[in-house]
Structures are given as C-alpha cells and as structure tokens.
Amino acid sequence: MEEELVLNLQSLGFSKLEAEVYVSLVQGKSMSGYAIAKVLNKTRPAVYNALDNLLEKGFVNFVQGKIGTEYVAVEPELLLSDISRKVTGAAGNAKKIFKELNSKKATPRFENIEGKSNLLSTANRIIMSARKEILMNSSMPLEPLYASLKEAARQKVRIILFSWQNIDTLGLPIELYSNFEGTDFCSEERLFLVADLKRCVIGSNDTSTFIPHKKITKKLPTGEKDFLGMTSTNRLLVNMVTEHIHFDIYLHKLKRKRRLVFTDDIRLHSLMERGI
C-alpha cells in the first residue's frame, strides 16, 4: 500500500525519496531528519535534501522537538486539495495559451503517424477532444478505444460508425452501419475518424489493398510496425474524410432499401448535413 502511495505522489511531482519521507511523516507525529533516515535506511544528507525540498514546496513544516528541530507533514487532505487546485489552474492556463498559439498558425498541421500504438493513441486523444459528434469508418476492433468512446458517450457526444464488417460495439451507444451478415469485406485494419468537423485521423496496416466488393480470405499483418497514418486539422482533408464516411453510409442505406434515389430518410442529420 505504501509503495502505491509513493508512486501516486511521484505522479504529482514528488521525487521518490520526497514521497517516502512525506509518507513516513504522515504516519508519525513529528520526526527529526536523523530519525527519518534511520526508518527509511537512507543517508542523512539525502534525507535532509529531500526535507529542504519539501519545506520549500510547503509540504512539511518545522516544529520544536524535545532535542531539536523536527518535521511534521502538512495534512494530506489539505496538501492534495492545494496540489489539485494548482494543477487544475495550470492546466487551464496552459490550454488557453495553447489555443492562442494555435490560432496564430499560418496553416493547419499535418502529422504522419508510424506504428499501431501511435495511431490508436492519436485516435483516443481526438475522441476525447470531441464535444458534439464523432464519425468513424473502422474495421479495427474497438477495445483500444473503449475508454475514450465510453467517456465521449457519457458526455452525450453522438458516435456514428460505418464498418465493412460486423464490428463489436462493446455495448456502447454507437450508431452502427454494417450488417454484412458475418462476411468480412476488408482485408486491412483501417480507421478513419473525425471529431466535431475539426480534426481527423486516418490510418491502416496497408496502403493499397482494399476490396469492399469481394469476400476476403486472407488478412493482412497487424503488427506494431505494419501501420501508417496521419492526423490533421486541415479543413479540406477533414471535409474529405467526413464526406467519405457519409457516402459509405448513404450507399449502405440505399443498398438496404433497394433504391437509387436519395431521399430524406437516407440522411444522418449530422453536423456536416446541418452545415455546423
């Protein structure tokens, strides 16, 4: 339990020794630097250096002991509330500054992505940025995106998904357009994703093979290094990916209804269709 607490404190900016010293003080009334070093089996210079840092950060205070100076930990609840307030304030200020910096960019960014984990990490960040709508065309399993999609759904973000196979939506409130009766029509694992018509990510484990009209008998390699992709806030690219996903769904709906005429019931009433 103490090891877990030390790791948690390290994630909040403590060094390992600072966290160990603070945890030791929390469990006692007050202690001298010599006593702390003895309990932790650490050298006194290292412990006193950690105590100096904790004092400077306001995490511990001096008290007068029977023999000399001793140290006492600031109450954990007060300490963590103060850290939380500072972190929240700093994060909010940084977000504001980054937004101002981004608004001054001459052109939207294009970023290449190499590797499956990087592709999924980028997709998760874009999903978490959504506030209104997420559009997806995916033949990749959704498990690596589950947590971010669940949080987006909790915040009432609309999630629309087209897939060339019967993909498992994992119980999430996703509008799925697929129904290919168990037949795989995609040899690759591909992902197109757009959030709020502002940013997109595209990627797959192949650069050419995609045959949506033919039954697939052999899957392509799905290792870490087999995936390439890109992400962008470029308006033209975002619109192209958005339109591509819409057209896949339109054609799917028309095929199911056995008609060629585009009528209002084919629409998704999405952000793109509403011109938002």
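How are helices α2 and α3 oriented to each other? In this predicted model, the axes of α2 (residues 16-26) and α3 (residues 33-40) come within 10 Å and cross at roughly 105°. Angles of 65 to 115 degrees count as roughly perpendicular, and α2 and α3 are therefore roughly perpendicular to each other. On the α2 side, the contact is made by L17, E20, V21, S24 and L25, while α3 brings in I36, V39 and L40. Six of the residues in this contact are nonpolar, one is polar and one is charged.

Helix α3 also holds Y34. With a relative accessible area of 48%, Y34 is partly exposed. Leaving out residues up to four places away in sequence, Y34 touches R44 and Y48. P45 is 11 residues from Y34 in sequence, and their C-alpha atoms are 9.5 Å apart in space.

Turning to the sheet, seven strands are arranged in the order β3-β9-β8-β7-β4-β5-β6, forming an open sheet with mixed pairing. Its edges are β3 (110-114) and β6 (175-177), each of which pairs on one side only. Neighbouring strands are turned against each other by 10° on average, with direction ignored. Within this arrangement, β8 (residues 199-204) and β9 (residues 228-232) run antiparallel and are joined by five bridges. C200, for instance, has S232 of β9 as its bridge partner.

Two helices can be followed across these strands. Helix α6 (residues 116-129) lies across β3, β4 (133-138), β7 (190-195), β8 and β9, and runs at about 155° to β8. Helix α8 (residues 235-257) packs on the sheet as well, touching β3, β4, β5 (158-162), β6, β7, β8 and β9, and its direction makes about 110° with that of β7.

What of the interior? In soluble globular proteins, nonpolar side chains tend to be buried together. Here, the largest nonpolar core has 26 residues, and those with the most contacts inside it are I134, M136, L145, L149 and L193. Two or more residues each come from α6, β4, α7 (146-154), β5 and β7. Helix α6 gives the largest share of this core, five residues. For a closer look at one member, L149 is in contact with I127, I134, M136, I159, L172 and I174, leaving aside its neighbours within four places in sequence. Another core, of 24 residues, lies apart from the largest one and includes V6, F14, A19 and A37.

Conventions. Residues are numbered from 1 along each chain as its sequence is written. This is a predicted model: local features need pLDDT of at least 70, side-chain atom pairs count only at pLDDT 80 or more; totals for chains, interfaces and linings use all residues. Side-chain values use heavy atoms; hydrogens and water are left out. Axes are lines fitted to C-alpha atoms, for helices over the stretch in contact, and angles run from 0 to 180 degrees between N-to-C directions. Helices (H or I, at least four residues) and strands (E, at least two) are DSSP runs, numbered from the N terminus. Angles under 35 degrees count as roughly parallel, over 145 as roughly antiparallel, 65 to 115 as roughly perpendicular and the rest as oblique. Contact means heavy atoms within 4.5 Å. Ala, Val, Leu, Ile, Met, Phe, Trp, Tyr, Cys and Pro count as nonpolar, Asp, Glu, Lys and Arg as charged, and the others, Gly among them, as polar. Two strands pair if DSSP finds at least two bridges between them. Buried means under 20% relative accessible area, exposed over 50%, partly exposed in between (1.4 Å probe, protein chains only). A nonpolar core is a set of buried Ala, Val, Leu, Ile, Met, Phe, Trp, Tyr and Cys residues joined through side-chain atoms within 4.5 Å.
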